[in-house]
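Hi everyone, thanks for making time.

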Amino acid sequence: MALRNLVLEGDPLLRKKSRPVDEINPRIIKLLDDMADTMYYDNRGVGIAAPQVGVLRRVFIVDVGDDNGLIEFINPEIVEKSGSQVGNEGCLSVPGKTCEVDRPDHVIAKALNRNGEEFTIEATGLLARCICHEYDHLDGILFIDRSVDGKIYNTEEE
Ligand code: ZN
């Protein structure tokens, strides 16, 4: 198991646009494995994107605890989105903060898996929210940019 250091809000890396993966080599496989270790450690998150561990590549993973389990996305595209859901979000890179974000309620995304095979996934509810949140990271966008009412709440106890 290998944990990677999390890049936190304020670091300019989180605001950069990530580049596509041109070759799924052992470094990318190791990145995926380490991202999963980092996400599952302490049950901290339901998704993590490569820029959050300092790698500006278009890769993210999600696991919202449903039957899909862990899903790895390489060079993802959101090909369809519809509907709307407003809900609370947080982020491993923005500790102690939360806000309400409006996301599509239904998305169809396609990506490559770690074997280089293209797959398509249809997602609703939390999974759709999570895919959109992680996808945003690849374009340097954070959930706090999308607060529906402009408010950011502190979750840390006084
Ligand atoms: Zn995040």
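So, to start: what spacing do the donors of the zinc ion follow along the chain? The pattern is C-x41-H-x3-H. Keep in mind as we go that this is a predicted model.

The zinc ion is held by Cys91 through SG, and by His133 and His137, each through NE2, at 2.0 to 2.2 Å. Take Cys91 and His133 as a pair: they sit 42 residues apart and link distant parts of the chain. Cys91 is in the loop between strand E4 (85-89) and strand E5 (97-103), while His133 belongs to helix H2, residues 125-138.

Are those two buried or exposed? Anything under 20% relative accessible area counts as buried. Cys91 comes in at 11%, so Cys91 is buried, and His133, with 7%, is buried too.

You'll find Arg58 in the loop between strand E1 (47-49) and strand E2 (59-62). Its relative accessible area is 9%, so Arg58 also counts as buried.

What does the side chain of Arg58 reach at 3.1 Å? That's the backbone oxygen of Ser18. The Arg58 side chain also makes a polar contact with the side chain of Tyr135, at 3.4 Å.

And there's a longer list of neighbours. Leaving out residues up to four places away in sequence, Arg58 touches, among others, Lys17, Arg19, Pro20, Phe73, Asn75, Leu138 and Asp139.

That's my tour, happy to go back to either spot.

Definitions and conventions. Residues numbered from 1 in each chain as written. Predicted model: local features only at pLDDT ≥ 70, side-chain atom pairs only at ≥ 80, totals over all residues. Heavy atoms only, no water. Helix = DSSP H or I, 4+ residues; strand = E, 2+ residues; numbered from the N terminus. Buried < 20%, exposed > 50% of the residue type's maximum accessible area, 1.4 Å probe, protein only. Polar contact = N/O pair within 3.5 Å; in protein donor to acceptor, adjacent residues only side chain to side chain. Contact = heavy atoms within 4.5 Å. Donors = N, O, S within 2.8 Å, 3.2 Å for Na, K, Ca; no water.
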